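Please read it alongside the sequence and the model.

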Amino acid sequence: MFHINAQSDVPVYRQLVDEIRSAIRAGRLSAGAQLPTVLAMAEDLGLARGTIKRAYDELELLGLVEKVQGRGTFVCYRPPSAGSRKEQAMDLIDRMLDGMGELGFSTEEIGIFLELKLRERAVNAPDVRVAVIESSSENLSQMARQLRQLEGVEICSYLLSSVEAYPYNLDEEADLIVTTGGHACQLKNLLPQSDKIARVALRLSLSAMAGIVRLQPGERVGVLGCSQRFGDLLFEACAAFAGDAAVRTPAVVSRELDLPAFLAEKDAVLAPEDLEKYLEPDGVEQMRRFARRGKLIRCAYEIDEGSFLYLQEKIERLRERK
């Protein structure tokens, strides 16, 4: 039932805590369900008993499970029902109104005070936690950079491959999950609360598009990506807009890539906007030398204007709720 990724940087006991917590919150483990014994869980996952015990102890501290002497460990978390929360809220409001009435405030004055406090809370609202998920590191970096322009957001970036290997309870940690339409369906199968997923559309930057359109017939064009996905996207853009330029199969930055040989036979190269951060110092220098004799077209896929406005409105609503 539980998945542990031995290659993850997240401690194993922490992974188990998050896996069990997610199962409880999603209803896959209901109140009263008994967890396997420490020994059984350790044998099933191939972990040390001390690791399982530490995870169970933390779950108990979180109020999600309880240990019954001589019987075992049981789920004790019950999600609050909508009715009970509403009743509790109305109760609190009644007590607050009674208290302010006893202090001599009129209904109109109470309304003014409430409005002032609500405005104050809106100004001081905590940051909205936004998880950005994409399959290419280049697009992920650009999306996060754009979203950091918005006020009151805390950005966490995740490659899709790492989320698929270990979801890490994004539905609990993030207020909003931003991804492209193609990945949204995959994420819905991974996350219990898919209503947090916001789909956006990406478009090639105007400067990159202009550079591709200006390529001349017969020019030898190289495509250099830091991920295969990004290279493939640029290759498709060239097929659509580069006319009769001779565009070669995309290459991916890696230790195996012979960068001088790759550049030697090219008149133009399409590369990520922030290429330097993926290269070693000698690679950066080689790209600078190439740029002095050939065309280095820096490319980025950006969140389009309509999607960006949609996210702004969604984030503002989330801040108001918080």
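A pocket here is an open set of grid points with protein on both sides within 12 Å along at least five of seven lines, and its lining residues have an atom within 4 Å of a point. The model is predicted. It contains 14 helices and 13 strands.

**Overall form**

- The radius of gyration of the protein is 27 Å, whereas a compact globule of 322 residues would have a value near 20 Å.
- Taken along the principal axes, the C-alpha atoms fill a box of roughly 80 × 65 × 30 Å.
- Of the 322 residues in the protein, 41% are buried.
- Among contacts with a separation of 6 or more, 68% are between residues 24 or more positions apart.

**Second largest pocket**

- The second largest pocket holds about 270 Å³ of space.
- Its lining consists of V253, S254, R255, L257, L259, P260, Y278, L279, E280, D282, G283 and Q286.
- Two elements, helix 12 (259-264) and helix 13 (281-293), each give two or more residues to this lining.
- Helix 13 gives the most, with 3 residues.
- By class, the lining of the second largest pocket has 6 nonpolar, 3 polar and 3 charged residues.

**G283**

- G283 is one of the residues that line the second largest pocket, and G283 lies in helix 13.
- The relative accessibility of G283 is 6%, so this residue counts as buried, the cut-off being under 20%.
- V128 is 155 residues away from G283 along the chain, and the C-alpha atoms of the two are separated by 38 Å.

**Helix 1**

- Helix 1 covers residues 12-25, which is 14 residues.
- The expected span of a helix is 1.5 Å times one less than its number of residues; for helix 1 this should come to 20 Å, and the end C-alpha atoms are 20 Å apart, which agrees.
- Because 12 of its 14 residues are buried, helix 1 is largely enclosed by the rest of the structure.
- The buried residues of helix 1 are Y13, R14, Q15, L16, V17, D18, E19, I20, R21, S22, A23 and I24.
- An α-helix has 3.6 residues a turn, so residues three or four places apart point the same way.
- In helix 1 the buried set includes Y13, R14, Q15 and L16, which follow one another in the numbering.
- G27 follows helix 1, and the phi of G27 is positive, near 90°.

Methods:
Residues numbered from 1 in each chain as written. Predicted model: local features only at pLDDT ≥ 70, side-chain atom pairs only at ≥ 80, totals over all residues. Heavy atoms only, no water. 1 Å grid on protein atoms, 1.4 Å probe; cavity = no way out; pocket = protein on both sides within 12 Å on 5 of 7 lines; lining within 4 Å. Points joined across faces, edges and corners; volume = space filled by probe spheres on them. Helix = DSSP H or I, 4+ residues; strand = E, 2+ residues; numbered from the N terminus. Nonpolar A, V, L, I, M, F, W, Y, C, P; charged D, E, K, R; others polar. Buried < 20%, exposed > 50% of the residue type's maximum accessible area, 1.4 Å probe, protein only. Rg over C-alpha atoms; globule rule 2.2 N^0.38 Å. Contact = heavy atoms within 4.5 Å.
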